[in-house]
Amino acid sequence: MTQGLHHVTAISGPARRNLDFYTRKLGLRLVKKTVNFDDPGSYHLYYGNDAAGPGSLLTFFPWEQAAPGRAGIGETQETRFLVPEAAIGFWTHRLISEAVPHEAPVRLFGETVLAFRDPDGMRLALVGVPGIEGEPAAGTGEIPAEAAIRGLHGVSLLLREAGATGAILTDVLGFTEAGREGTVLRYRSGSGIGGLVDIREAGEFLPGRMGAGSVHHIAFRAADDAEQAAMRARLAETHRLRTTEQQDRNYFRSLYFREPGGVLFEIATDGPGFTVDEPLADLGRGLKLPAQYEPYRQEIEARLPALTD
């Protein structure tokens with residue numbers, strides 16, 4: 001069974017600001033520039049590691065006039081990136097030099113966590129982990145390869161209680177319960193990248209409100225259509241949860257459902273991958289449109305905001 005996160009999708013404000021932050025300040029690769037398949041008047045930007053592999057991907061719907069979201073229960077509280085343990089010092093200095101709001105490093109489950117926020121207030125963290133130096137990474141002019149982000153470490157969910165969501169993670173999505181620290185319960189998959197989900201139990205608390213800086217949904221991996229269908233059947237038969245019909249996202253095929261704590265979950269296939277419409281070396285250079293929108297390319301390009309001068 002394929003395990004772990006496939007991607008995290010969030011909402012941002014202006015696309016150009018989002019692109020600058022994630023590519024220049026954090027050194028992620030823009031691996032796909034396309035449109036929101038349900039709203040072709042706005043971008044869908046995908047960032048990842050050099051190999052553009054599942055588990056490395058953070059994607060955004062940039063809405064130029066998006067109102068800020070509000071943190072609360074029933075949502076993803078923090079999205080975390082994986083870096084080599086020795087790189088935390090580099091990243092602390094870089095966040096300071098780039099005037100990125102951040103907190104002092106802390107220890108969680110034996111790992112060093114450096115929390116910070118993007119320009120829309122999205123809660124992010126870099127987690128230093130030993131032994132991941134060999135994972136795909138490419139340096140930039142400002143970020144050496146040895147310090148570069150390798151992919152997603154995992155996500156932290158803020159929920160009223162963990163039990164029902166934990167049952168979905170363990171029974172359907174291939175995770176196991178791995179420990180507890182205070183109010184945080186950790187679930188681990190077999191994947192080195194995108195392999196962790198933490199649930200912070202908050203009890204009765206203000207619900208979250210979606211907006212700029214909010215995570216829209218988190219996606220979990222399925223190797224192929226057959227594995228995805230088996231997960232769907234398990235959700236229906238054991239947990240009485242319905243999913244959407246399968247939706248073709250060109251680079252993967254998706255099902256969506258609302259898990260018991262209120263977070264929108266997706267199950268995404270590993271294939272066909274991001275090289276289906278452009279070679280690996282050219283990922284992210286051109287605007288890629290699904291077939292149904294190709295006849296309207298000129299109109300769509302005219303409506304989209306410029307990403308560069």
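**Notebook: loops, cores and a helix pair**

I began with Ala-99, which I found in the loop between α2 (88-97) and β6 (106-108); helices (H or I, at least four residues) and strands (E, at least two) are DSSP runs, numbered from the N terminus. I noted that the model is predicted, that local features need pLDDT of at least 70 and side-chain atom pairs count only at pLDDT 80 or more, while totals for chains, interfaces and linings use all residues. Residues are numbered from 1 along each chain as its sequence is written, and side-chain values use heavy atoms, with hydrogens and water left out.

**Backbone entries**

Ala-99 has a positive phi near 55° although it is not a glycine, and I recorded this residue as exposed because its relative accessible area is 64% (buried is under 20%, exposed over 50%, partly exposed in between, with a 1.4 Å probe and protein chains only). I then turned to Phe-109, in the loop between β6 and β7 (111-117), which is not a glycine either and has a positive phi of about 50°. With a relative accessibility of 21%, Phe-109 counts as partly exposed.

I also looked for a cis peptide bond, and one runs from Gly-271 to Pro-272, with omega near 5°; Pro-272 belongs to the loop between β16 (264-269) and α5 (297-303). As background to these entries, I wrote down that most residues other than glycine have a negative phi, and that most peptide bonds are trans.

**Helix α1**

In helix α1 (residues 15-25), I listed Ala-15, Asn-18, Leu-19, Phe-21, Tyr-22 and Lys-25 as the buried residues. After α1 comes Gly-27, with a positive phi near 80°.

**Nonpolar cores**

Which residues touch the most other members of the largest nonpolar core? I found that they are Tyr-22, Phe-81, Trp-91 and Leu-173, in a core of 63 residues; such a core is a set of buried Ala, Val, Leu, Ile, Met, Phe, Trp, Tyr and Cys residues joined through side-chain atoms within 4.5 Å. Setting aside neighbours within four places in sequence, I saw that the contacts of Phe-81 (heavy atoms within 4.5 Å) include Tyr-22, Leu-26, Leu-28, Leu-58, Leu-124, Ile-149 and His-153. A second, separate core has ten residues, among them Tyr-251, Ala-268, Phe-274 and Leu-283.

**Helices α3 and α4**

I next followed helix α3 (residues 163-171) and helix α4 (residues 225-239), whose axes come within 11 Å and cross at roughly 135°; axes are lines fitted to C-alpha atoms, for helices over the stretch in contact, with angles from 0 to 180 degrees between N-to-C directions. The two helices are therefore oblique to each other, since angles under 35 degrees count as roughly parallel, over 145 as roughly antiparallel, 65 to 115 as roughly perpendicular and the rest as oblique. On the α3 side the contact is made by Ala-167, Ile-168 and Asp-171, and on the α4 side by Arg-234, Leu-235, Thr-238 and His-239.

I checked Ala-164 as well, which lies in α3 and is partly exposed, with a relative accessible area of 33%. Its C-alpha atom is separated by 9.2 Å from that of His-239, although Ala-164 and His-239 are 75 residues apart along the chain.

Not counting residues up to four places away in sequence, Gln-228 touches Ala-222, Gln-246, Arg-253, Ser-254, Leu-255, Ile-267, Ala-268 and Thr-269.
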